[in-house]
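Visitor: I would like to learn how to read this model. Can you take me through it feature by feature?

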Amino acid sequence: MPVESFSPEMYRKNLDVLAMVSPEVAAWLERSGVGPLAPPPAMEAGGGEQGLSGLHPRAGGITLVVGGGLLDEVALLLERMPAGHQVFCLQPRAELLAAALGRHDLGMPLGQEELVLLAPSEAALEEALSRNPQLSLTGQMEMVHLYAGAEPEAAAARARLYRVLGHALRARDLALDWEMQSGANLVANLVHAAFAAAAPGLPGCLAGRPAVLALDGPSLDPALERLAGNLGGAVFFCS
């Protein structure tokens with residue numbers, strides 16, 4: 001995947017794949033007014049204090065790049081990383097991302113989700129995360145800030161990314177809590193609280209209605225199946 005000069009044909013080819021796998025990113029580029037005929041901006045391919053050449057990507061891991069310039073270093077990382085590794089890239093400047101799409105043949109890594117491009121709006125980041133929950137589930141993610149000098153767009157996009165990831169991590173932790181004993185305790189206590197709140201209105205509320213009393217045991221489940229729809233208004237109690 002060598003670095004090439006800007007090619008409008010390469011841009012269109014990559015954009016077609018991007019529209020299928022990350023439609024919010026393709027839509028953002030189109031709304032931004034960048035196109036295949038615009039000359040690439042003059043800037044260095046890399047940037048920032050931390051590069052990708054020293055990374056040691058692992059199978060099953062994720063590299064999350066914020067910035068990335070014209071994606072020259074990202075393209076080199078894609079060539080040497082092991083199978084099963086993913087690269088997510090948030091380049092918040094549409095003109096740089098468009099130039100990168102006309103510079104590198106990214107159709108295959110985009111189509112195989114080895115490379116996932118992100119758009120900088122919070123809604124777009126949430127949409128991408130919904131398709132890629134591994135971003136909030138993996139324990140093998142390395143984030144790299146790769147931009148030249150002071151770029152306010154990158155700082156703002158990084159803040160939005162942190163916010164979206166933070167919400168996802170809280171949701172993950174809540175889901176894990178529900179799978180543990182604390183989740184069962186919460187449900188049980190809520191049931192008791194609901195009955196306690198309704199207790200003053202219980203006396204007399206079932207007066208005159210027939211009742212069916214049952215004890216828990218191996219025959220309870222088949223009995224419930226036979227009784228379903230046949231209680232005729234009777235109240236069912238089970239210890």
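Guide: We start with the whole chain and then turn to the sheet and the helices.

Guide: This is a predicted model: local features need pLDDT of at least 70, side-chain atom pairs count only at pLDDT 80 or more, and totals for chains, interfaces and linings use all residues. Residues are numbered from 1 along each chain as its sequence is written, and side-chain values use heavy atoms, with hydrogens and water left out.

Visitor: How many helices and strands does the secondary structure come to?

Guide: Helices (H or I, at least four residues) and strands (E, at least two) are DSSP runs, numbered from the N terminus. The protein chain has 10 helices and six strands.

Visitor: What share of the residues counts as buried?

Guide: Buried means under 20% relative accessible area, exposed over 50%, and partly exposed in between (1.4 Å probe, protein chains only). Of the 239 residues here, 35% are buried.

Visitor: What is the strand order in the open sheet?

Guide: Two strands pair if DSSP finds at least two bridges between them. Here four strands form an open sheet in the order β3-β2-β1-β4, with parallel pairing. β3 (115-118) and β4 (141-146) stand at the edges with a single partner strand each, so one side of each lacks a neighbour in the sheet.

Visitor: How many bridges join β2 to β3?

Guide: Four bridges join β2 (residues 86-90) to β3, and the two run parallel. Cys89 stands opposite Leu117 in β3. Leu90 stands opposite Leu118.

Visitor: Are the faces of β3 covered or uncovered?

Guide: In a regular strand the side chains alternate between the two faces of the sheet. In β3 both faces are covered. Leu115 and Leu117 are buried on one side, Val116 and Leu118 on the other.

Visitor: Which strands does helix α3 lie across?

Guide: Axes are lines fitted to C-alpha atoms, for helices over the stretch in contact, and angles run from 0 to 180 degrees between N-to-C directions. Helix α3 (residues 72-80) lies across β1 (62-67), β2, β3 and β4. Its angle to β2 is about 170°.

Visitor: At what angle do α1 and α2 cross?

Guide: The axes of α1 (residues 8-21) and α2 (residues 23-31) come within 6 Å and cross at roughly 130°. That makes α1 oblique to α2. Angles under 35 degrees count as roughly parallel, over 145 as roughly antiparallel, 65 to 115 as roughly perpendicular and the rest as oblique. Residues of α1 in this contact include Tyr11, Leu15 and Leu18; among those of α2 are Val25 and Leu29.

Visitor: Why is α4 largely enclosed by the rest of the structure?

Guide: Seven of the eight residues of α4 (residues 94-101) are buried, so the rest of the structure largely encloses this helix. Among the buried ones are Leu96, Leu97 and Leu101. The buried residues of α4 pack against α1, α2 and β3.

Visitor: Where is Val164?

Guide: Val164 sits in helix α8 (residues 152-178). Val164 is buried, with a relative accessible area of 4%. Leaving aside neighbours within four places in sequence, Val164 is in contact with Glu122, Leu125, Glu126 and Leu129.

Conventions. Contact = heavy atoms within 4.5 Å.
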